[in-house]
Amino acid sequence: MLLQREKASDKRLFLALIVLTAFLVLSVLGLTYFVPTVGLSSFPDVVRWIFFGGVVFIGLVFTVILGFLAAVIALGRDIPIPYAKKLRSIAIKYFFPLFVTVGRLVGLPKERVQHAFVTINNELVISSCRNGKTPKRILLLMPHCLQYSECPVKVTYRAENCKRCGKCPIKRLLELAEEYGAVLSVATGGTIARRVVKETKPDLIIAVACERDLTSGIQDTVPLPVYGIFNSRPQGPCFNTQVDLEALEAVLKEINK
Ligand code: SF4
C-alpha cells in the first residue's frame, strides 16, 4: 500500500516536471520565433536561418516532451505504451538531465527527482516486457552493503559462497535466483557491476541500490533494461542495508507472467 502511494506520488511529480519543462521549452520556442520575425528583420538572411533552425529544434524537443507526457498519463492508467523501449532510451539519454535541472529551478532535491525517474523507468521496463518477449536471462545485481557486515564469507562475484545463515537478505536472494532461473551477483562498486553485466550478458537487470547509484547505473547501461529497487538504510548509508524481498519477487513474477 505504502509502495503504491510512493509510486503514485512519483508519477505525479514526474508529470509536474514534464508539464513545467514543456512550458519552459514552449516559452523559449515562442521567443526564438518572435525575435527573428519581429526584432531581427534587419539582420542578414543567414542569422534568420540560424534562428529558424533553432525554432525547428526546440519544436522537436517540445514534441518529444509531449510524448513523455502521454506516456506517463498512460502508465497511470495501466495502458500499454507503444515504443516503450525507445521512449525509455531517449528519456534517459537526453531528457533526464533536463528534468533534474528544471526540478532544481523549483527547489526539488536531486534525490527526489532521481526517485521519480527510477519509478517511471521501471514502469517503462515492465511495459516493454509486456509488449515484447519475456527476458530469458535475468541478472539480480546487488550491492555489497546488503551483506551482514560481520559475515566472514566472501560473496562478491561468488554469491553461492553464502552459507545461508539468514542474517542478511543474500540467503533469500539466492533462493529467488534459483526459483526464477536468474543469476545473482553481488558487486562492490560500479566498475565490478559493469564487468558482471559484460560477462553475464543479461536481457534484463533487476538492480538494488540507493537513488544515486540506481540512476547512474540505469544511465550507464541504456538501452539494456534495468528495473531499479531502492534499498533501505536503517543503519545509515552503505552499512547492513536491506531490500524489500517481496517487492523484488513481485517484479520477477510480473516479468515471468
Ligand atoms: S546469509 Fe549468507 S551472506 Fe548473509 S550473513 Fe549469512 S552467510 Fe553471510
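Colleague: Quick one to start. Which residue stands opposite Val226 in β4?

Modeller: Ile205 does. Keep in mind that this is a predicted model.

Colleague: Fine. And Phe230, what is its bridge partner?

Modeller: Ala209. Phe230 itself sits in β4.

Colleague: In which sense do β3 and β4 pair, parallel or antiparallel?

Modeller: Parallel. Five bridges join β3, residues 204–209, to β4.

Colleague: How many residues of β4 are buried?

Modeller: Four of five. The strand covers residues 226–230 and is mostly covered.

Colleague: Zoom out. What is the strand order in the sheet?

Modeller: β2-β1-β3-β4, four strands in an open sheet with parallel pairing. The edge strands are β2, at 183–187, and β4. Each of these pairs on one side only.

Colleague: How are neighbouring strands turned against each other?

Modeller: By 20° on average, ignoring direction.

Colleague: What about helices? Where does α7 pack?

Modeller: On the sheet, where α7 touches β3 and β4. The direction of α7 makes about 175° with that of β4.

Colleague: What unit do β3, α7 and β4 make?

Modeller: A β-α-β unit, and it is right-handed. The helix in that unit, α7, spans residues 211–221.

Colleague: And α6, which strands does it lie across?

Modeller: β1, β2 and β3. Helix α6 is residues 190–200, and β1 is 138–143. Against β2, α6 runs at about 160°.

Colleague: Switching topic. Where is Ser128 placed?

Modeller: In helix α4, which runs over residues 110–131.

Colleague: Why does Ser128 count as buried?

Modeller: Because it has 21 C-beta neighbours inside 10 Å, and the cut-off for buried is 20 or more.

Colleague: Which residues does Ser128 touch, beyond those up to four places away in sequence?

Modeller: Ala84, Lys85, Arg88 and Pro225.

Colleague: And Leu87, what separation do its C-alpha and that of Ser128 have?

Modeller: 10.0 Å. Along the chain, Leu87 and Ser128 are 41 residues apart.

Colleague: Great, thanks.

How values were computed: Residues are numbered from 1 along each chain as its sequence is written. This is a predicted model: local features need pLDDT of at least 70, side-chain atom pairs count only at pLDDT 80 or more; totals for chains, interfaces and linings use all residues. A residue is buried if 20 or more other C-beta atoms lie within 10 Å of its own, exposed if 12 or fewer, and partly exposed in between; C-beta atoms are placed from the backbone. Helices (H or I, at least four residues) and strands (E, at least two) are DSSP runs, numbered from the N terminus. Two strands pair if DSSP finds at least two bridges between them. A crossover is right-handed if, with the strands pointing away from the viewer, the path from the first strand over the helix to the second runs clockwise. Two residues are in contact if their C-beta atoms, placed from the backbone, lie within 7 Å. Axes are lines fitted to C-alpha atoms, for helices over the stretch in contact, and angles run from 0 to 180 degrees between N-to-C directions.
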